[in-house]
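Subject: Structure handover

Hello,

Here is the structure for you to look at. My notes on what turned up follow below it.

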Amino acid sequence: MANEETLKLIAESTKVAPPDSYRSASYLQSEAAYVEKYRASIEDPEGFWREIADELTWQHRENVIVTGDLPDFQFFPGSQINVAENCVDRHANHPLSRNKVALFFEGENGERRSVTYLQLQREVSKFANVLQSLGLQKGDVVSVYMQNLIETYVVLLACFRLGVIYNTVFAGFSAEALRERIVSSKAKAVICANGSYRRGKVLRLKEIVDEALECENDVEHVIVYRRVPELETPMTADRDHDYDTLMASASAECPVVPLDANDPGLLIFTSGTSGKPKGIVHAGGGFLIGTYAYTKYQLDLRPEDVYWNTADIGWLTSHIFVLVGGLALGTTTILYEGAIDYPHQGRLYEVMERYQVNKIFSAPTAFRMMLKYGLELAQKYDLSSLSLLVSVGEPLNPEAWQWMRKALGRGDVVINNTWGQTETGGTPLASIPGATAMKAGSCGVPFFGHQLEVVDNEGKPVPDGTPGYLIIRNPFPSLARDIFGDHDRYLRSYFAQVPGAYFTGDSAVRDTDGQFWVLGRVDDVINVSGHRISTMEMESSLINHPAVVEAAVVGQPDEVKGAVPVAFITLDKTFTANEELATELKQKIVSDIGSFARPERIHFVEAMPKTRSGKIIRRMLREIIQNGEVRGDVTGLEDSDILEKLLLDVTGQGNLV
Ligand code: PRX
């Protein structure tokens, strides 16, 4: 699970206190305050969630806070709350925040716009009326295939307003991946941009939607926002509608629909351990309560902040910390479309300087990219307003941590490496800025009301400093409530391993200071630049190619991206291993999943290492590419000669493509 070097690093890690300047202004101002609040929240979780609920606007509130236990639980059953009302109307109706900027938009092409809370309320109400006029209502599913745009926020908040369940699909996914999501979520409508700007090119999103819809499906309407006005956009009569035309005649008044706090609010697909992506279902109200709490305490977020989370709306991070958490706290957020190092390497800094961003949230891979671009570049910009840097999605290596602190934060900032999953709908592990000590590389401490443990195979806690499985013992509001259309898979995936607990699929260590270090997945999921990819999903795509007999995909550590996928292939005898075929196989992954999953290399091998029962031992393939040899146990191999052949295949000339 963890190598000696990592365990040594953890054992020797030291605490770094948050700067006094930060501490004096934060919600919680000492480690003792965190310890006390955490203790109270575990003894009385209902008390903690009641305190959070009291800060939100409810349409109807019952006294019950939680019923049931994992995996069958509810928070605030019978109480009614609307996400859009809390994220938009609350601020739009208040004289102090009405004309405050909610979102500053910056396009990759240099376009700049902004929207205030009042304007957002009007736009959201109009789009909710558009959805209603097309017959969409509470419980219907819509797919949203858009990049970061103000209009994307309008669309999603309008869904929340009505209880229409949205499914955002990352606008880098291929037509095939989009089709799978549209079909399996039974979406009645697709809302897309006609195109998006990425690295100076225009991606033709509407054409991808058209291709995805060439199948049997339930889609009755496609609404197209013309982000790229000059782009020729094919429209299908009676099915496709123009966003602006529909909005032009819509009323700006639309009452919020009362929804039970446990009603489904959003659906987001993520990679699991089998080939088929899982449609994770989050309760709208539960998601709001959870994300509000994480955002308040872990980002220490306030209305006066200028905050930028670089995540794309296709990933849940954006929904947790911007769309819902960020707006619910009434902050001002930067919304950026495109690559953060385009058209020049300093683009991230340029935008931070322009708006005097004081809190930045990104993925470790982005921070490592900036590290590669160097200190000199960072020093060209005025980043003096920065006080908090946050990351999520993959391990944040100590080198990157030290660099971020020094280069971006003048040694005087808080760095918060948070840990969370699509399923947890938030980050159960993080520092509490201003209160808890930081450690370069750790994921901080458990959040209020969350009982996290590191356990062995039998579900028994392991001693501090020892790696084990990370589990969560108790329910919390933003935990996924289901896998769409497959409740058995939900129970099997998360609750079968340790009875009564949520199984994260990650390995971790708790150190002697009570800080947690998440080491990586224990299943066949890899993290490429913070994008979660199932190796099984890639393998099923490869196996569908006529040349491929067997395929095994493993992750290889990468300095910038964290990991990159490498594929091992055995070929049908009638095909020859060559560069052309390797390119074709890489392309197959790109069109089935998306370009972010493109394998770094393809190794054509004669045979795979297998157990006696015929299972491919991916661990050995991983060891071969990482160490050039297999050091672990090899007794399980069905054919022990195979390793030598494999090593030759992999390190020999001619078949590394
Ligand atoms: O393996 C863990 C890794 O990312 C996985 C979750 O990916 P995703 O669902 O895409 O996350 C969305 C974030 C809201 C986890 O199972 N991971 C996440 N954060 C960290 C991490 N690994 C190490 N350190 C982290 N800080």
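Contact here means heavy atoms within 4.5 Å. Please keep in mind that this is a predicted model.

**Helix 6**

S125 sits in helix 6. S125 is buried, because its relative accessibility is 2% and the cut-off for buried is under 20%. Setting aside neighbours within four places in sequence, S125 contacts R161, S251, A252, E253 and C254.

N129 is in helix 6 too, which covers residues 117-133. N129 has 18% relative accessibility, so it also counts as buried. Residues up to four places away in sequence aside, N129 touches A250, S251, E253 and C254.

**The ligand site**

The shell around the ligand has 17 residues, and T418, T422, D506, R521 and R532 come nearest. By class, the shell splits into five nonpolar, eight polar and four charged residues.

Which elements supply at least two residues each of that shell? They are helix 12 (316-328), strand 19 (419-421) and strand 26 (516-521). Strand 19 gives the largest share, with three residues.

- G393: a backbone N or O atom is 3.0 Å from a nitrogen atom of the ligand.
- Q421: a polar side-chain atom is 2.9 Å from an oxygen atom of the ligand.
- N527: a polar side-chain atom is 3.1 Å from an oxygen atom of the ligand.

On its own the ligand exposes 560 Å², and the protein buries 96% of that.

E539 belongs to helix 18. Is E539 buried or exposed? It counts as buried, because its relative accessibility is 4%. Apart from neighbours within four places in sequence, E539 is in contact with A551, A552, V553 and R618. With R618 there is a polar contact, side chain to side chain, at 2.8 Å. The C-alpha atoms of E539 and A567 are 8.2 Å apart, although 28 residues separate the two along the chain.

R618 leads on to helix 20, which runs over residues 618-627. The buried residues of helix 20 are R618, M620, L621, E623, I624 and I625. Their cover includes helix 18 (535-543), strand 29 (548-558) and strand 30 (562-571). Strand 31 (601-604) and helix 21 (642-651) are also part of that cover. G628 follows helix 20 and has a positive phi, near 75°.

**Backbone points to check**

Two cis peptide bonds should be kept in mind when you prepare the model. One runs from L70 to P71, with omega near 0°. P71 lies in the loop between strand 1 (66-69) and strand 2 (72-75). Another joins Y342 and P343, with omega about 5°. P343 lies in the loop between strand 15 (332-336) and helix 13 (347-355).

Next come positive phi values outside glycine. K186 is not a glycine, yet its phi is positive, about 55°. K186 sits in the loop between helix 8 (175-184) and strand 7 (189-193). K186 counts as exposed, because its relative accessible area is 52% and the cut-off for exposed is over 50%.

D300, also a residue other than glycine, has a positive phi near 55°. D300 is in the loop between helix 11 (284-298) and strand 14 (306-309). Where K186 is exposed, D300 is buried, with a relative accessible area of 3%.

**From the record**

UniProt, in an unreviewed entry, places the feature "domain: Acetyl-coenzyme A synthetase N-terminal" at residues 34-87. Over residues 34-87 the chain is 44% helix and 15% strand. The end C-alpha atoms of that stretch are 27 Å apart.

Best regards

How values were computed: Residues are numbered from 1 along each chain as its sequence is written. This is a predicted model: local features need pLDDT of at least 70, side-chain atom pairs count only at pLDDT 80 or more; totals for chains, interfaces and linings use all residues. Side-chain values use heavy atoms; hydrogens and water are left out. A residue is near a molecule or strand if one of its heavy atoms lies within 4 Å of it. A polar contact is a pair of N or O atoms within 3.5 Å; within protein, one must be able to donate a hydrogen and the other to accept it, and residues adjacent in sequence count only if both atoms are side-chain atoms. Accessible areas come from the Shrake-Rupley method with a 1.4 Å probe; for residues, only the protein chains shown count as cover. Helices (H or I, at least four residues) and strands (E, at least two) are DSSP runs, numbered from the N terminus. Ala, Val, Leu, Ile, Met, Phe, Trp, Tyr, Cys and Pro count as nonpolar, Asp, Glu, Lys and Arg as charged, and the others, Gly among them, as polar. Buried means under 20% relative accessible area, exposed over 50%, partly exposed in between (1.4 Å probe, protein chains only). UniProt positions are given in the numbering used here, feature names are shortened, and annotations may be inferred rather than shown by experiment.
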